[in-house]
Amino acid sequence: MAREQHDYDDIPGTFVFDQERSRQGYGINMFCMSLMADENRKAFKANEAEYLKKFNLTPEQTDAVLKRDYNRMLELGGNIYFTAKLGATDGHSFRHLAAVMTGSTQEHYASMMLAGGRSVEGNRSRSGKFDKPGRVAARPAKKASTPKARKGKAAKPKAKTRAKKSKK
Amino acid sequence: MARIIAGVASSHVPPLGAAIDNKQTEEPYWKRVFSGFEKSKEWMRQTRPDVCIVVYNDHASAFSVEIVPTFALGCAAEFPPADEGWGPRPVPVVKGHPQLAAHIAQSVILDEFDITVVNKMTVDHGLTVPMNLLFGSPNEWPCPVIPLAVNVVLYPPPTGHRCFMLGRAIRKAVEAYPEDLRVVVFGTGGMSHQISGPRAGLINSKFDKAFLDNLTKDPQKLARIPHLEYMREAGAEGIEMVMWLIMRGALDDKVDETYRFYTVPASNTAVGHIILENRAKGAKATGKRKAAAPKLKRAAARAKVHRIHS
């Protein structure tokens, strides 16, 4: 059966670790969890494919693990807190994983973060139906802060969205 | 009687723990973050709570995917730091308050919050990093801690509204505890961040700042934010912010914002921090004075408005 569609599947570049993925990825996550023990890390490193047999992974999942395809692992039910343990077993920092998942370099990723991170503008919606900020939290509280702050918040979002769209 | 005197919210970014453990807090990148907590540590030294309830989430440390409790209340006498793959953090063992924890469990379950009672649990950076940020790095933590682990890893986490209402149930439980204890509640995690998938690195300061504003002024509004909005606006892992609503629900409806700090980034995450105090009802002298000033201002403001309209 094909994966049931959810409202959050519209968020780009995101694999929500939901109940279905948890069911599907139980083996991947338990494999990653096993890497918390040093003897298991050694056994895995000695023969990766053989070690993975213990965890009943599908051929696609095994392939994703062996190739260190972190996005594919997430898509097939891995969770980032678990797959990060595989990264650590390989001696990689989290920044390495972030660079791999975002198709970037560690340097570029780090400088993006220093510059304030990835903007939400243009990154809200695959379908484009939800390109505006959400209703509830994007607005300041009724009695919020100074009039200056309020003015800024009301005026900026639209302008920014337009600017991003025109770039694309 | 026990009572909740204040709430603290703070991000729990793991590299902050690593920076503390590796003594890198004076390096410029990290100093920018840690300097924002200097006043908070001073506030905590003065406030000296008898117990802290720390709402946090486990990151595949104490709980794998074998058992995923939505709300797990730590009722043990102590909680050792977890080995997150690099050996346990060199922080003191967290001492619990089993009696108050048992009292809270009994009370909130009868209030229809079917929490899981946990009598054996390690605690990871989700709990110990905010402890460091507020208490520094002492040889022993200065007060007992009741950990409340919330599932925000496996979707769906509890709704913001459910979290807010659990906070209220915790407040009711604490207020019915016969011993005279002053309790501070921590909400941890957040703020905006995504660490998974091609959209990793997402930060939304606008969302975060509005969240901080509303946390003080209109938490009911925050309690209505659907999960989809957290994930879309604040990143897949930004959904951790529902935990802040447990802290907020445990406070009075009207609170005073004592302190706020926000910076981007710490590693992959926007760091947000806020201290909210209940308005003094026979609180310590320092607390009283702080709370009195805004009260006077409000009274003055009311008087002014009244004059204009009459």
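Guide: Gladly. This is a predicted model. Read along the sequence, chain A follows the pattern α-α-α-α-α-α-α-α-α-α, with 10 helices and 0 strands. Of its 168 residues, 30% count as buried.

Visitor: What makes residues of chain A and chain B count as being in contact, and how many are there?

Guide: The test is C-beta atoms that lie within 7 Å. By that test, 51 residues of chain A are in contact with 40 residues of chain B. The elements of chain A that give two or more residues to this side are α2 (26–34), α6 (70–75), α7 (80–89), α8 (94–101) and α9 (106–114). Of these, α7(A) gives the most, with 5 residues. By class, the side of chain A that touches chain B has 30 nonpolar, 13 polar and 8 charged residues.

Visitor: Turning to chain B, why are β6 and β9 said to stand at the edges of the sheet?

Guide: The open sheet has 8 strands in the order β6-β3-β7-β2-β8-β1-β10-β9, with mixed pairing. Strands β6 (116–118) and β9 (255–266) of chain B each have a single partner strand, so one side of each is left without a neighbour in the sheet. The twist averages 20 degrees from one strand to the next.

Visitor: How do you know that β2 and β8 of chain B pair, and in which sense?

Guide: Pairing needs at least two bridges between the strands. Strands β2 (residues 51–56) and β8 (residues 182–188) of chain B have 5 bridges, in the parallel sense, so they count as a pair. As one example, Cys52(B) has Val184(B) in β8(B) as its bridge partner.

Visitor: Which strands does helix α6 of chain B lie across?

Guide: Helix α6 (residues 160–175) of chain B lies across β1 (3–10), β2, β3 and β8 of chain B, running at about 145 degrees to β1(B). Helix α4 (residues 98–110) of chain B lies across β2, β3 (71–74), β6 and β7 (145–150), at about 150 degrees to β3(B).

Visitor: Why is α7 of chain B called largely enclosed?

Guide: A residue is buried if 20 or more other C-beta atoms lie within 10 Å of its own. In α7(B), 11 of the 13 residues are buried, so the helix is largely enclosed by the rest of the structure. Among them are Phe207(B), Phe211(B) and Leu215(B), along with Lys206(B) and Asp213(B). The cover includes α8 (219–223), α9 (227–234), α10 (242–250), β9 and β10 (269–278) of chain B.

Visitor: And how does the span of α7(B) compare with what is expected?

Guide: Helix α7 (residues 205–217) of chain B reaches 18 Å from its first C-alpha to its last, close to the 18 Å expected at 1.5 Å a residue.

Key. Residues numbered from 1 in each chain as written. Chains lettered and ligands numbered in written order. Predicted model: local features only at pLDDT ≥ 70, side-chain atom pairs only at ≥ 80, totals over all residues. Contact = placed C-beta atoms within 7 Å. Helix = DSSP H or I, 4+ residues; strand = E, 2+ residues; numbered from the N terminus. Nonpolar A, V, L, I, M, F, W, Y, C, P; charged D, E, K, R; others polar. Buried ≥ 20, exposed ≤ 12 C-beta atoms within 10 Å, placed from the backbone. Axes fitted to C-alpha atoms, helices over the stretch in contact; angles between N-to-C directions. Expected span 1.5 Å × (residues − 1).
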